[in-house]
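Here's a quick briefing to read alongside the model. Have the sequence and the 3D view open as you go.

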Amino acid sequence: MLNSNGKKIYFKNMKKYEPVRIELYCELPKQIEELNLISKKLVESERRLSKSQEIGNTGNWELDLATNKIWASREAFLIYGLTSEDGNFPFKDIQMMVVKEDRAKLDNALKLLVENNLKYDVEFKIYNATIKEERYIHSIAELEYDESGKPIRVLGVIHDITMSKKNEDIIKHMAYYDDLTGLPNRVFFFENLKHEIDIIKENGNKIVILYIDMDNFKMINDSLGHAFGDKLLKEAALRLKKCMRECDTIARISGDEFTVLIKNIHSVDESLPIINCILKVFSDSFNIGNSSINMTSSIGASVFPNDGEVAEDLIRSADIAMYKAKNTGKCCYQFFNIGMKHELLRKLNIEVLLRKGITEKEFVLYYQPQFYAKTKELRGFEALLRWNSFELGFLTPAEFIPIAEETGLISIIGEWVIKAACEFSQKISRLYGCNVIMAVNISPIQLKQIDFFDIVTRIIDKSGINPSNLEIEVTENIFIENFDLALQILNDLKNYGVRIALDDFGTGY
(Lines give C-alpha, C1' and ligand atoms only; values in the text may rest on other atoms or scores of the structure.)
Protein backbone atom coordinates (compact mmCIF):
# COMPACT_ATOMS: atom_id res chain seq x y z
CA MET A 1 0.00 0.00 0.00
CA LEU A 2 1.17 3.49 -0.65
CA ASN A 3 1.11 6.03 2.05
CA SER A 4 0.31 9.64 1.51
CA ASN A 5 3.90 10.20 0.35
CA GLY A 6 3.73 7.39 -2.19
CA LYS A 7 6.01 4.93 -0.27
CA LYS A 8 5.37 1.19 0.14
CA ILE A 9 3.80 -0.06 3.37
CA TYR A 10 4.55 -3.58 4.79
CA PHE A 11 2.14 -5.56 6.95
CA LYS A 12 3.75 -7.76 9.79
CA ASN A 13 0.83 -10.16 10.11
CA MET A 14 1.56 -11.64 6.76
CA LYS A 15 3.42 -14.95 6.55
CA LYS A 16 6.19 -13.55 4.59
CA TYR A 17 7.50 -10.18 4.74
CA GLU A 18 6.74 -9.57 1.19
CA PRO A 19 5.92 -6.24 -0.08
CA VAL A 20 2.27 -6.02 -1.08
CA ARG A 21 1.24 -3.16 -3.30
CA ILE A 22 -2.35 -2.19 -2.83
CA GLU A 23 -3.32 0.63 -5.15
CA LEU A 24 -6.13 2.74 -3.70
CA TYR A 25 -7.14 5.97 -5.50
CA CYS A 26 -8.98 8.47 -3.37
CA GLU A 27 -11.10 10.64 -5.78
CA LEU A 28 -12.76 12.77 -3.10
CA PRO A 29 -10.25 15.67 -2.96
CA LYS A 30 -10.30 15.95 -6.76
CA GLN A 31 -14.10 15.92 -6.89
CA ILE A 32 -14.27 18.57 -4.21
CA GLU A 33 -11.83 20.67 -6.18
CA GLU A 34 -13.88 20.26 -9.35
CA LEU A 35 -17.10 21.07 -7.49
CA ASN A 36 -15.53 24.18 -6.03
CA LEU A 37 -14.43 25.22 -9.51
CA ILE A 38 -17.90 24.61 -10.93
CA SER A 39 -19.42 26.52 -8.05
CA LYS A 40 -17.12 29.46 -8.69
CA LYS A 41 -18.03 29.41 -12.36
CA LEU A 42 -21.72 29.34 -11.51
CA VAL A 43 -21.32 32.24 -9.12
CA GLU A 44 -19.36 34.15 -11.72
CA SER A 45 -21.92 33.33 -14.38
CA GLU A 46 -24.70 34.43 -12.06
CA ARG A 47 -22.82 37.65 -11.34
CA ARG A 48 -22.33 38.35 -15.01
CA LEU A 49 -25.96 37.57 -15.81
CA SER A 50 -27.15 39.76 -12.96
CA LYS A 51 -24.84 42.59 -14.03
CA SER A 52 -25.89 42.36 -17.66
CA GLN A 53 -29.55 42.42 -16.61
CA GLU A 54 -28.85 45.42 -14.40
CA ILE A 55 -27.09 47.29 -17.19
CA GLY A 56 -29.79 46.42 -19.70
CA ASN A 57 -32.72 47.03 -17.30
CA THR A 58 -33.80 43.48 -18.04
CA GLY A 59 -35.11 40.75 -15.75
CA ASN A 60 -36.38 37.22 -16.21
CA TRP A 61 -39.33 35.38 -14.66
CA GLU A 62 -40.92 31.94 -14.60
CA LEU A 63 -44.53 30.95 -14.08
CA ASP A 64 -45.13 27.42 -12.79
CA LEU A 65 -48.36 26.34 -14.46
CA ALA A 66 -49.01 23.65 -11.82
CA THR A 67 -48.77 25.94 -8.78
CA ASN A 68 -49.32 29.33 -10.46
CA LYS A 69 -46.32 30.62 -8.54
CA ILE A 70 -43.99 33.10 -10.18
CA TRP A 71 -40.28 33.31 -9.64
CA ALA A 72 -38.35 36.36 -10.79
CA SER A 73 -34.77 37.55 -10.88
CA ARG A 74 -33.49 40.35 -8.69
CA GLU A 75 -33.53 42.80 -11.61
CA ALA A 76 -37.16 41.97 -12.34
CA PHE A 77 -38.03 42.98 -8.77
CA LEU A 78 -36.07 46.22 -9.18
CA ILE A 79 -37.90 47.07 -12.41
CA TYR A 80 -41.18 46.86 -10.54
CA GLY A 81 -39.73 48.86 -7.66
CA LEU A 82 -39.89 45.90 -5.26
CA THR A 83 -37.35 44.18 -3.01
CA SER A 84 -36.38 40.57 -3.61
CA GLU A 85 -36.26 38.13 -0.68
CA ASP A 86 -36.94 34.60 -1.86
CA GLY A 87 -37.49 35.26 -5.56
CA ASN A 88 -41.23 34.60 -5.33
CA PHE A 89 -43.07 37.28 -7.27
CA PRO A 90 -46.13 38.76 -5.48
CA PHE A 91 -48.49 38.19 -8.41
CA LYS A 92 -51.48 40.14 -7.03
CA ASP A 93 -49.32 43.14 -6.21
CA ILE A 94 -47.88 43.04 -9.71
CA GLN A 95 -51.34 42.90 -11.28
CA MET A 96 -52.45 45.94 -9.31
CA MET A 97 -49.42 47.87 -10.52
CA VAL A 98 -50.41 47.45 -14.16
CA VAL A 99 -52.55 50.41 -15.23
CA LYS A 100 -56.21 49.54 -15.79
CA GLU A 101 -56.18 50.10 -19.55
CA ASP A 102 -53.35 47.54 -19.98
CA ARG A 103 -54.49 44.75 -17.63
CA ALA A 104 -56.86 43.04 -20.06
CA LYS A 105 -54.21 43.17 -22.79
CA LEU A 106 -51.65 41.52 -20.54
CA ASP A 107 -54.02 38.81 -19.27
CA ASN A 108 -55.22 38.02 -22.78
CA ALA A 109 -51.67 37.69 -24.10
CA LEU A 110 -50.79 35.17 -21.35
CA LYS A 111 -53.99 33.21 -21.95
CA LEU A 112 -53.30 32.94 -25.69
CA LEU A 113 -49.75 31.80 -24.99
CA VAL A 114 -50.76 29.04 -22.57
CA GLU A 115 -53.82 27.80 -24.46
CA ASN A 116 -52.77 28.30 -28.08
CA ASN A 117 -49.00 28.84 -27.87
CA LEU A 118 -49.45 32.20 -29.60
CA LYS A 119 -46.69 34.79 -29.47
CA TYR A 120 -46.42 36.64 -26.16
CA ASP A 121 -44.94 40.06 -26.88
CA VAL A 122 -46.57 42.97 -25.03
CA GLU A 123 -45.87 46.49 -23.84
CA PHE A 124 -47.63 47.86 -20.79
CA LYS A 125 -47.39 50.58 -18.18
CA ILE A 126 -47.14 50.13 -14.42
CA TYR A 127 -47.49 52.55 -11.55
CA ASN A 128 -45.82 51.93 -8.19
CA ALA A 129 -47.84 53.87 -5.64
CA THR A 130 -45.15 53.43 -2.98
CA ILE A 131 -42.42 55.22 -4.90
CA LYS A 132 -44.96 57.22 -6.96
CA GLU A 133 -43.35 56.37 -10.24
CA GLU A 134 -44.68 55.03 -13.55
CA ARG A 135 -42.67 52.83 -15.87
CA TYR A 136 -43.11 51.26 -19.26
CA ILE A 137 -42.28 47.56 -19.63
CA HIS A 138 -41.79 45.28 -22.61
CA SER A 139 -42.29 41.57 -21.91
CA ILE A 140 -41.77 38.50 -24.06
CA ALA A 141 -42.30 34.87 -23.06
CA GLU A 142 -42.54 31.32 -24.34
CA LEU A 143 -43.68 27.92 -23.05
CA GLU A 144 -41.51 25.13 -21.66
CA TYR A 145 -42.77 21.53 -22.10
CA ASP A 146 -42.12 18.22 -20.31
CA GLU A 147 -41.17 14.95 -22.02
CA SER A 148 -44.80 14.24 -22.91
CA GLY A 149 -45.24 17.61 -24.61
CA LYS A 150 -47.34 19.12 -21.84
CA PRO A 151 -46.62 22.80 -21.03
CA ILE A 152 -45.24 23.03 -17.50
CA ARG A 153 -44.04 26.60 -17.16
CA VAL A 154 -43.79 29.97 -18.84
CA LEU A 155 -40.33 31.46 -19.26
CA GLY A 156 -40.35 35.23 -19.67
CA VAL A 157 -38.17 38.28 -19.90
CA ILE A 158 -39.11 41.86 -18.99
CA HIS A 159 -37.30 44.98 -20.15
CA ASP A 160 -37.68 48.46 -18.67
CA ILE A 161 -38.30 50.69 -21.72
CA THR A 162 -39.26 53.82 -19.76
CA MET A 163 -36.32 55.86 -21.04
CA SER A 164 -36.84 54.88 -24.66
CA LYS A 165 -40.56 55.63 -24.29
CA LYS A 166 -39.78 59.08 -22.93
CA ASN A 167 -37.35 59.68 -25.78
CA GLU A 168 -40.00 58.42 -28.17
CA ASP A 169 -42.49 60.86 -26.67
CA ILE A 170 -39.99 63.70 -27.05
CA ILE A 171 -39.39 62.82 -30.69
CA LYS A 172 -43.13 62.46 -31.25
CA HIS A 173 -43.73 65.84 -29.63
CA MET A 174 -41.10 67.40 -31.87
CA ALA A 175 -42.70 65.77 -34.91
CA TYR A 176 -46.31 66.63 -34.07
CA TYR A 177 -46.18 69.84 -32.02
CA ASP A 178 -45.06 73.41 -32.57
CA ASP A 179 -42.08 74.27 -30.42
CA LEU A 180 -43.04 77.93 -29.94
CA THR A 181 -46.73 77.76 -29.00
CA GLY A 182 -47.01 74.11 -27.89
CA LEU A 183 -49.93 73.66 -30.27
CA PRO A 184 -50.20 70.73 -32.68
CA ASN A 185 -48.46 71.38 -35.99
CA ARG A 186 -49.39 70.83 -39.64
CA VAL A 187 -48.50 67.10 -39.61
CA PHE A 188 -50.65 66.42 -36.54
CA PHE A 189 -53.55 68.45 -37.93
CA PHE A 190 -53.54 66.62 -41.27
CA GLU A 191 -53.48 63.20 -39.62
CA ASN A 192 -56.18 64.14 -37.13
CA LEU A 193 -58.38 65.55 -39.89
CA LYS A 194 -57.98 62.40 -41.98
CA HIS A 195 -59.00 60.33 -38.96
CA GLU A 196 -62.07 62.49 -38.30
CA ILE A 197 -63.13 62.26 -41.95
CA ASP A 198 -63.12 58.46 -41.70
CA ILE A 199 -65.29 58.65 -38.55
CA ILE A 200 -67.72 61.22 -39.89
CA LYS A 201 -68.42 59.23 -43.04
CA GLU A 202 -70.18 56.76 -40.77
CA ASN A 203 -72.17 59.11 -38.50
CA GLY A 204 -73.14 61.74 -41.08
CA ASN A 205 -72.09 64.78 -39.04
CA LYS A 206 -70.25 67.79 -40.43
CA ILE A 207 -66.74 69.14 -40.05
CA VAL A 208 -65.79 72.80 -40.38
CA ILE A 209 -62.16 73.76 -41.08
CA LEU A 210 -60.99 77.27 -40.18
CA TYR A 211 -57.87 78.82 -41.71
CA ILE A 212 -56.79 81.84 -39.63
CA ASP A 213 -54.23 84.47 -40.61
CA MET A 214 -53.10 87.35 -38.37
CA ASP A 215 -53.51 90.58 -40.34
CA ASN A 216 -50.37 92.73 -40.77
CA PHE A 217 -48.28 90.36 -38.64
CA LYS A 218 -45.29 90.61 -40.98
CA MET A 219 -45.16 94.39 -40.64
CA ILE A 220 -45.28 94.14 -36.83
CA ASN A 221 -42.70 91.34 -36.80
CA ASP A 222 -40.33 93.30 -39.05
CA SER A 223 -40.84 96.55 -37.13
CA LEU A 224 -40.65 95.32 -33.53
CA GLY A 225 -38.43 92.27 -34.00
CA HIS A 226 -38.85 88.51 -34.09
CA ALA A 227 -38.69 88.15 -30.30
CA PHE A 228 -41.71 90.45 -30.02
CA GLY A 229 -43.41 88.53 -32.83
CA ASP A 230 -42.85 85.24 -31.00
CA LYS A 231 -44.52 86.61 -27.85
CA LEU A 232 -47.41 87.83 -29.98
CA LEU A 233 -47.85 84.36 -31.50
CA LYS A 234 -47.83 82.75 -28.04
CA GLU A 235 -50.50 85.14 -26.82
CA ALA A 236 -52.55 84.54 -29.98
CA ALA A 237 -52.40 80.78 -29.37
CA LEU A 238 -53.68 81.26 -25.80
CA ARG A 239 -56.56 83.40 -27.02
CA LEU A 240 -57.52 80.89 -29.68
CA LYS A 241 -57.67 78.12 -27.09
CA LYS A 242 -60.26 80.11 -25.12
CA CYS A 243 -62.63 79.97 -28.10
CA MET A 244 -62.35 76.22 -28.62
CA ARG A 245 -64.52 73.45 -27.27
CA GLU A 246 -62.75 70.52 -25.65
CA CYS A 247 -63.32 68.28 -28.69
CA ASP A 248 -61.95 70.80 -31.23
CA THR A 249 -58.38 70.78 -32.54
CA ILE A 250 -56.28 73.88 -33.07
CA ALA A 251 -52.88 73.91 -34.79
CA ARG A 252 -50.21 76.36 -35.86
CA ILE A 253 -49.30 75.33 -39.37
CA SER A 254 -46.82 78.08 -40.32
CA GLY A 255 -45.75 81.60 -39.38
CA ASP A 256 -48.84 83.47 -38.25
CA GLU A 257 -51.30 80.97 -39.70
CA PHE A 258 -53.48 78.69 -37.57
CA THR A 259 -56.06 76.05 -38.41
CA VAL A 260 -59.03 74.80 -36.39
CA LEU A 261 -60.96 71.56 -36.73
CA ILE A 262 -64.54 71.95 -35.51
CA LYS A 263 -66.16 68.53 -35.34
CA ASN A 264 -69.28 66.81 -34.05
CA ILE A 265 -71.68 69.43 -35.41
CA HIS A 266 -74.93 68.92 -37.30
CA SER A 267 -75.12 72.39 -38.85
CA VAL A 268 -72.58 74.95 -40.10
CA ASP A 269 -74.28 77.54 -37.88
CA GLU A 270 -72.85 75.74 -34.84
CA SER A 271 -69.39 76.93 -35.90
CA LEU A 272 -70.34 80.64 -35.97
CA PRO A 273 -69.94 81.27 -32.20
CA ILE A 274 -66.37 79.95 -32.42
CA ILE A 275 -65.60 82.08 -35.49
CA ASN A 276 -67.02 85.23 -33.91
CA CYS A 277 -65.12 84.52 -30.71
CA ILE A 278 -61.85 84.34 -32.66
CA LEU A 279 -62.54 87.65 -34.41
CA LYS A 280 -63.34 89.20 -31.04
CA VAL A 281 -60.28 87.98 -29.10
CA PHE A 282 -57.98 89.13 -31.92
CA SER A 283 -59.54 92.59 -32.08
CA ASP A 284 -58.76 93.17 -28.38
CA SER A 285 -55.41 94.89 -27.78
CA PHE A 286 -52.34 92.69 -27.31
CA ASN A 287 -50.21 93.97 -24.44
CA ILE A 288 -46.68 92.69 -24.95
CA GLY A 289 -44.13 94.17 -22.57
CA ASN A 290 -44.54 97.94 -22.69
CA SER A 291 -46.25 97.87 -26.08
CA SER A 292 -49.94 97.66 -26.89
CA ILE A 293 -50.71 96.26 -30.34
CA ASN A 294 -54.04 96.20 -32.11
CA MET A 295 -54.40 93.08 -34.24
CA THR A 296 -57.13 91.57 -36.36
CA SER A 297 -57.50 88.24 -38.11
CA SER A 298 -58.92 86.99 -41.38
CA ILE A 299 -60.67 83.62 -41.36
CA GLY A 300 -61.50 81.25 -44.18
CA ALA A 301 -63.81 78.30 -43.61
CA SER A 302 -64.57 75.09 -45.49
CA VAL A 303 -67.14 72.38 -44.78
CA PHE A 304 -66.94 68.61 -45.15
CA PRO A 305 -68.15 67.11 -47.42
CA ASN A 306 -69.35 70.16 -49.41
CA ASP A 307 -65.91 71.69 -50.07
CA GLY A 308 -63.77 68.56 -50.28
CA GLU A 309 -63.77 64.92 -49.35
CA VAL A 310 -60.08 64.63 -48.42
CA ALA A 311 -58.02 66.60 -45.91
CA GLU A 312 -55.85 68.35 -48.50
CA ASP A 313 -58.86 69.71 -50.42
CA LEU A 314 -60.60 70.92 -47.26
CA ILE A 315 -57.57 72.85 -46.03
CA ARG A 316 -56.93 74.27 -49.50
CA SER A 317 -60.54 75.45 -49.73
CA ALA A 318 -60.33 77.11 -46.30
CA ASP A 319 -57.05 78.77 -47.34
CA ILE A 320 -58.67 80.17 -50.51
CA ALA A 321 -61.58 81.50 -48.45
CA MET A 322 -59.12 83.13 -46.02
CA TYR A 323 -57.46 85.09 -48.86
CA LYS A 324 -60.90 86.16 -50.02
CA ALA A 325 -61.55 87.47 -46.49
CA LYS A 326 -58.29 89.43 -46.63
CA ASN A 327 -59.14 90.94 -50.00
CA THR A 328 -62.61 91.80 -48.72
CA GLY A 329 -61.15 94.07 -46.06
CA LYS A 330 -59.65 91.82 -43.35
CA CYS A 331 -61.03 91.29 -39.83
CA CYS A 332 -63.81 89.11 -41.22
CA TYR A 333 -64.58 85.55 -42.28
CA GLN A 334 -65.59 83.93 -45.55
CA PHE A 335 -66.97 80.47 -46.23
CA PHE A 336 -65.58 78.81 -49.33
CA ASN A 337 -67.56 78.68 -52.56
CA ILE A 338 -66.66 77.37 -56.00
CA GLY A 339 -66.44 80.91 -57.40
CA MET A 340 -63.40 81.54 -55.18
CA LYS A 341 -61.65 78.55 -56.73
CA HIS A 342 -62.31 79.81 -60.26
CA GLU A 343 -61.01 83.23 -59.20
CA LEU A 344 -57.84 81.66 -57.81
CA LEU A 345 -57.28 79.59 -60.97
CA ARG A 346 -57.60 82.73 -63.07
CA LYS A 347 -55.12 84.48 -60.78
CA LEU A 348 -52.63 81.62 -61.19
CA ASN A 349 -53.15 81.72 -64.93
CA ILE A 350 -52.48 85.46 -64.97
CA GLU A 351 -49.27 84.90 -63.03
CA VAL A 352 -48.04 82.43 -65.64
CA LEU A 353 -49.09 84.63 -68.56
CA LEU A 354 -47.51 87.75 -67.03
CA ARG A 355 -44.06 86.38 -67.72
CA LYS A 356 -45.04 85.59 -71.27
CA GLY A 357 -46.58 89.06 -71.64
CA ILE A 358 -43.24 90.66 -70.73
CA THR A 359 -41.21 88.64 -73.22
CA GLU A 360 -43.86 88.95 -75.97
CA LYS A 361 -44.19 92.75 -75.37
CA GLU A 362 -47.94 92.58 -74.83
CA PHE A 363 -48.02 95.64 -72.52
CA VAL A 364 -49.05 99.00 -73.93
CA LEU A 365 -49.24 102.55 -72.60
CA TYR A 366 -52.11 104.93 -73.13
CA TYR A 367 -51.47 108.61 -72.55
CA GLN A 368 -54.25 110.53 -70.88
CA PRO A 369 -53.84 114.32 -71.40
CA GLN A 370 -53.88 116.67 -68.42
CA PHE A 371 -55.07 120.29 -68.79
CA TYR A 372 -54.91 123.33 -66.55
CA ALA A 373 -58.49 123.95 -65.41
CA LYS A 374 -58.35 127.73 -65.77
CA THR A 375 -56.43 128.19 -69.03
CA LYS A 376 -57.38 124.91 -70.72
CA GLU A 377 -53.69 124.69 -71.63
CA LEU A 378 -52.11 121.25 -72.00
CA ARG A 379 -50.06 120.42 -68.92
CA GLY A 380 -48.88 116.96 -69.86
CA PHE A 381 -49.90 113.32 -69.89
CA GLU A 382 -50.44 110.48 -67.45
CA ALA A 383 -49.11 107.12 -68.61
CA LEU A 384 -51.78 104.43 -68.18
CA LEU A 385 -50.60 100.83 -68.35
CA ARG A 386 -52.75 98.21 -70.07
CA TRP A 387 -52.14 94.57 -70.92
CA ASN A 388 -53.44 93.12 -74.15
CA SER A 389 -52.92 89.41 -73.45
CA PHE A 390 -53.07 87.10 -76.44
CA GLU A 391 -54.90 84.49 -74.34
CA LEU A 392 -57.00 86.68 -72.01
CA GLY A 393 -57.56 89.87 -74.03
CA PHE A 394 -57.40 93.33 -72.38
CA LEU A 395 -56.88 93.32 -68.62
CA THR A 396 -57.17 96.32 -66.31
CA PRO A 397 -54.34 97.20 -63.91
CA ALA A 398 -56.63 96.38 -60.97
CA GLU A 399 -56.56 92.74 -62.07
CA PHE A 400 -52.91 92.19 -62.94
CA ILE A 401 -50.91 94.82 -60.98
CA PRO A 402 -51.47 93.17 -57.54
CA ILE A 403 -50.32 89.85 -59.00
CA ALA A 404 -47.29 91.52 -60.57
CA GLU A 405 -46.46 93.01 -57.16
CA GLU A 406 -46.79 89.65 -55.39
CA THR A 407 -44.49 87.94 -57.89
CA GLY A 408 -41.94 90.78 -58.06
CA LEU A 409 -42.53 91.19 -61.80
CA ILE A 410 -43.72 94.75 -61.16
CA SER A 411 -40.08 95.87 -61.05
CA ILE A 412 -39.47 94.73 -64.62
CA ILE A 413 -42.81 96.07 -65.87
CA GLY A 414 -42.40 99.35 -63.94
CA GLU A 415 -38.96 100.03 -65.38
CA TRP A 416 -40.33 99.50 -68.89
CA VAL A 417 -43.21 101.94 -68.17
CA ILE A 418 -40.81 104.72 -67.05
CA LYS A 419 -38.58 104.13 -70.09
CA ALA A 420 -41.49 104.15 -72.60
CA ALA A 421 -43.08 107.22 -70.97
CA CYS A 422 -39.83 109.20 -71.03
CA GLU A 423 -39.25 108.30 -74.68
CA PHE A 424 -42.80 109.43 -75.54
CA SER A 425 -42.29 112.73 -73.66
CA GLN A 426 -39.08 113.36 -75.58
CA LYS A 427 -40.84 112.56 -78.87
CA ILE A 428 -43.64 115.09 -78.14
CA SER A 429 -41.09 117.75 -77.22
CA ARG A 430 -39.13 117.14 -80.42
CA LEU A 431 -42.21 117.15 -82.70
CA TYR A 432 -44.08 120.11 -81.19
CA GLY A 433 -41.31 122.06 -79.51
CA CYS A 434 -42.94 122.07 -76.11
CA ASN A 435 -42.13 120.64 -72.74
CA VAL A 436 -44.84 118.36 -71.37
CA ILE A 437 -44.92 116.72 -67.98
CA MET A 438 -45.16 112.91 -68.07
CA ALA A 439 -46.82 111.42 -64.95
CA VAL A 440 -46.01 107.81 -64.11
CA ASN A 441 -47.54 105.75 -61.28
CA ILE A 442 -45.01 103.94 -59.11
CA SER A 443 -45.69 100.77 -57.10
CA PRO A 444 -44.59 100.58 -53.44
CA ILE A 445 -42.58 97.50 -54.45
CA GLN A 446 -40.45 99.63 -56.80
CA LEU A 447 -39.58 102.04 -54.01
CA LYS A 448 -38.24 99.11 -52.00
CA GLN A 449 -35.51 98.70 -54.62
CA ILE A 450 -32.29 100.19 -53.29
CA ASP A 451 -31.18 101.02 -56.87
CA PHE A 452 -34.49 102.62 -57.92
CA PHE A 453 -32.93 106.10 -57.97
CA ASP A 454 -30.16 104.87 -60.27
CA ILE A 455 -32.70 103.20 -62.60
CA VAL A 456 -34.78 106.39 -62.96
CA THR A 457 -31.84 108.75 -63.48
CA ARG A 458 -30.26 106.40 -66.03
CA ILE A 459 -33.52 106.34 -68.04
CA ILE A 460 -33.79 110.15 -67.87
CA ASP A 461 -30.23 110.62 -69.07
CA LYS A 462 -30.61 108.12 -71.90
CA SER A 463 -33.95 109.55 -73.11
CA GLY A 464 -32.65 113.12 -72.99
CA ILE A 465 -35.67 114.66 -71.27
CA ASN A 466 -35.46 117.32 -68.61
CA PRO A 467 -35.81 115.67 -65.15
CA SER A 468 -38.61 118.15 -64.34
CA ASN A 469 -40.66 116.69 -67.22
CA LEU A 470 -41.02 113.40 -65.30
CA GLU A 471 -43.54 113.26 -62.48
CA ILE A 472 -43.53 110.27 -60.14
CA GLU A 473 -46.98 109.56 -58.68
CA VAL A 474 -47.09 107.64 -55.40
CA THR A 475 -49.91 106.64 -53.05
CA GLU A 476 -49.70 107.27 -49.32
CA ASN A 477 -49.49 103.54 -48.47
CA ILE A 478 -45.91 103.73 -49.73
CA PHE A 479 -45.00 105.61 -46.55
CA ILE A 480 -46.88 103.15 -44.35
CA GLU A 481 -45.02 100.12 -45.66
CA ASN A 482 -41.46 101.46 -45.83
CA PHE A 483 -41.32 105.07 -44.73
CA ASP A 484 -37.56 105.67 -44.27
CA LEU A 485 -36.36 104.10 -47.53
CA ALA A 486 -39.23 105.57 -49.58
CA LEU A 487 -38.63 109.04 -48.17
CA GLN A 488 -34.90 108.87 -48.89
CA ILE A 489 -35.40 107.76 -52.52
CA LEU A 490 -38.12 110.36 -53.18
CA ASN A 491 -35.96 113.13 -51.69
CA ASP A 492 -33.05 112.07 -53.89
CA LEU A 493 -35.29 112.11 -56.97
CA LYS A 494 -36.72 115.52 -56.00
CA ASN A 495 -33.21 116.95 -55.57
CA TYR A 496 -32.37 115.54 -59.01
CA GLY A 497 -35.26 117.54 -60.45
CA VAL A 498 -37.98 114.92 -60.75
CA ARG A 499 -41.50 116.00 -59.74
CA ILE A 500 -43.22 114.05 -56.93
CA ALA A 501 -47.00 113.85 -56.66
CA LEU A 502 -49.21 112.16 -54.07
CA ASP A 503 -51.97 110.26 -55.86
CA ASP A 504 -55.30 108.98 -54.47
CA PHE A 505 -54.86 110.87 -51.21
CA GLY A 506 -57.40 110.08 -48.49
CA THR A 507 -58.62 106.73 -49.74
CA GLY A 508 -58.64 105.04 -46.37
CA TYR A 509 -55.02 104.93 -45.34
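A residue is called buried at under 20% relative accessible area, exposed at over 50%, and partly exposed in between, using a 1.4 Å probe and protein chains only. What you're looking at is a predicted model, so local features need pLDDT of at least 70 and side-chain atom pairs count only at pLDDT 80 or more, while totals for chains, interfaces and linings use all residues. Residues are numbered from 1 along each chain as its sequence is written, and side-chain values use heavy atoms, with hydrogens and water left out.

**Strands 3 and 4**

- Helices (H or I, at least four residues) and strands (E, at least two) are DSSP runs numbered from the N terminus, and two strands pair if DSSP finds at least two bridges between them.
- Strand 3 (residues 120–128) and strand 4 (residues 133–145) run antiparallel and are joined by 9 bridges.
- Pick out Glu 123 and you'll find its bridge partner, His 138, in strand 4.
- The hairpin leaves 4 residues between the two strands, and Lys 132 in it takes a positive phi near 50°.

**Aromatic pairs**

- Rings of Phe, Tyr and Trp (its six-membered ring) pair if their centres lie within 6.5 Å; planes under 30 degrees apart count as stacked, over 60 as edge-to-face and the rest as tilted.
- There are 11 aromatic pairs in the structure.
- Trp 61 and Tyr 120 make an edge-to-face pair, because their ring planes sit at 65°, with the centres 6.4 Å apart.
- That pair links distant parts of the chain, with Trp 61 in strand 1 (residues 58–64) and Tyr 120 in strand 3, 59 residues apart.
- Trp 61 is buried, with a relative accessible area of 10%.
- Phe 363 and Trp 387 are stacked, at 5.4 Å centre to centre and 25° between the planes.
- This pair also links distant parts of the chain: Phe 363 belongs to strand 13 (residues 363–371) and Trp 387 to strand 14 (residues 378–389), 24 residues apart.
- Both Phe 363 and Trp 387 are buried.
- Tyr 176, Tyr 177 and Phe 188 are linked into a cluster by ring pairs.

- Most residues other than glycine have a negative phi, and most peptide bonds are trans.
- The peptide bond from Phe 304 to Pro 305 is cis, with omega near 5°.
- You'll find Pro 305 in the loop between strand 11 (297–304) and helix 10 (311–328).
- Lys 330 has a positive phi near 65° and lies in the loop between helix 10 and strand 12 (333–335).
- Lys 330 counts as partly exposed, at 32% relative accessibility.
- Lys 361 has a positive phi too, near 55°, and sits in the loop between helix 11 (338–359) and strand 13.
- Lys 361 is exposed, with a relative accessible area of 73%.

**A buried loop residue**

- Val 498 is in the loop between helix 15 (477–496) and strand 18 (499–503).
- Val 498 is buried, at 3% relative accessible area.
- The C-alpha atoms of Val 498 and Thr 457 are separated by 9.1 Å, with the two residues 41 apart along the chain.
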